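The sequence and structure come first.

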Amino acid sequence: MAAQDVFDRSMDEDIALGNMWYEQEFKRSFTLLDMVGFSFSIVTCWTALSGVFIIGIQAGGPPVMIFGWIGVCVFTMLIALAMAEMCSRWPVAGGQYSWVAMLAPPRISRQLSYITGWFMLTGLLAMGAVNNSFGSNYILGQVNLVFPDFVIERWHTVLVAWAVGLFSLAVNVFAPHALHRLSRFVLMWNIVSFIIVITTLLATNHQKQDTGFVFHEFRNTTGFGASMATIVGILQSFFGMCCYDAPSHMTEEMTHASRDAPKAIIMSVMMGAVSGLLFLLTLCFCMGDIEATANSSTGVPVIQIFYDSTQSKSGTCILASMITVIIVMCSIGLLAEGSRSVYAFARDRGLPFSGLLSQVEPKKKIPLNAIFLTVAVQLGLNAIYFGAKTGFETVISIATTGFYVSYSLVFFARLLGYFFHHQASSFDGPYSLPLPVSLGFSAIGLLFLLFASITFNFPSDAPVTFQSMNYTSAAIGLVTLLSLLTWFTTATHRFVGPSDVKHLVVNGIGSAQTLQPTDEDGSSTSKENNGKIFS
């Protein structure tokens, strides 16, 4: 592609961003291939499923894992298609909360956008902590495999998770210019590792399970009835298929965001669905004794499956190390994505110390303060595991719930805006769906996401005790309370969302849809804001 062509396209994206009253402050370096690699490294369903494989083993077994995954992927594809057209129309780092601000009726758009922003950040920051912990589990699991006398303690897990988070911090701070190149490497590593792992397991395992075990044999050690256990088992699939909004938060660093970001969203979901299904099938056929696998001293059932199949500690460590590299690269991506989201929300004055958090380091063109805040929150969430295992399990549920609630609020705003005749009947970006299809996908997606968000609050074992209780509902209630408290105390007079001024001048007549805070008498106020342009 000619350099002049890339420059022209970047200028077009800068203009589109300016039409939403934002300045272009980042360097646009991500191409479509780069963003597919970046997004797939975060979605990377097959490694995510390996991190929560024990949930499926205990709640329903292989049939629930396999068919639950297929069902979740079908609904997720509909959601991704609907989200892609919003990303194409409004390619801005705020992602979900920015779309809500545009889609919802003006009377509630700022409030709904603000709440969406809090849930979005909750999901992103918590997911970064969860991924750090997964990396720690894989590293310590290999140590336990090689040295069986080594007993994994909670403090080991926290310290190694911190090391993963600090490594991600170092890459994001000292080598931000290499992120797009690193994304290409991760894409190739991901694909090659997937092929090697699948092929090795199928070739070395000589005592595979039969089809009845994989597709029919229901296993339930949760203490719940079959229906409840099935719902709990599907949580594995909900977690595995998540974070596919990643390209939307990196749009301000893409050379052709409005065209390529939607493609990256859809492609990452498709790749994740196929790789996740094949990986689950392979693990289920190659699984040994299900109780021994679930109670492996490594703490990672997948490592136990690797060892049972290969009968080689070195071979198992090679396979597990391939996944570990992907998890660490995912931590780097989640920190980059999370910090851009923090920056965007602060740019709209949605956070305390917004002026500080929305600053961009002029030389490296990165939101340095937002990066430091993001990693600090991640490490703080990882530290919860010092105190209680149940507390960090709640963090896992919060991570997925934050994403799913923010997704559902987007579709709620989409439908609400349409029925109240607020928005245009269809989107006019490079990627758009026919109106009936768009509304249908939005309605189906909303129902699916609400169902998923409710199930994240269920405990995973019965009888429910103080130790096994799921505290997700309390944590989500705290996030909601915090967002409402900050809204009424500070944000109601400060928070501003994006503005759609694409048709700012039409036949010499100015028109703009703006989201500015209002005074008590309803008149709008105009304030200076880092990275935001006000007239």
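## Salt bridges

Five salt bridges turn up in a search of the whole structure; the term stands for a side-chain nitrogen of Lys or Arg within 4 Å of a carboxyl oxygen of Asp or Glu. The model is predicted: local features need pLDDT of at least 70 and side-chain atom pairs count only at pLDDT 80 or more, while totals for chains, interfaces and linings use all residues. Residues are numbered from 1 along each chain as its sequence is written, and side-chain values use heavy atoms, with hydrogens and water left out.

| Pair | N to O distance |
|---|---|
| R347 and E252 | 2.8 Å |
| R340 and E253 | 2.7 Å |
| R259 and D260 | 2.8 Å |

The pair R347 and E252 links distant parts of the chain, 95 residues apart. R347 lies in helix 16 (residues 313-347), and E252 in the loop between helix 12 (246-249) and helix 13 (257-286). Helices here are DSSP runs of H or I with at least four residues, numbered from the N terminus. R347 is buried because its relative accessible area is 0%, the cut-off for buried being under 20%, for exposed over 50%, and for partly exposed in between (1.4 Å probe, protein chains only). E252, at 1%, is also buried.

In the remaining pair of the table, R259 is partly exposed, at 27% relative accessibility, whereas D260 is buried, at 2%.

Terms used: Helices (H or I, at least four residues) and strands (E, at least two) are DSSP runs, numbered from the N terminus.
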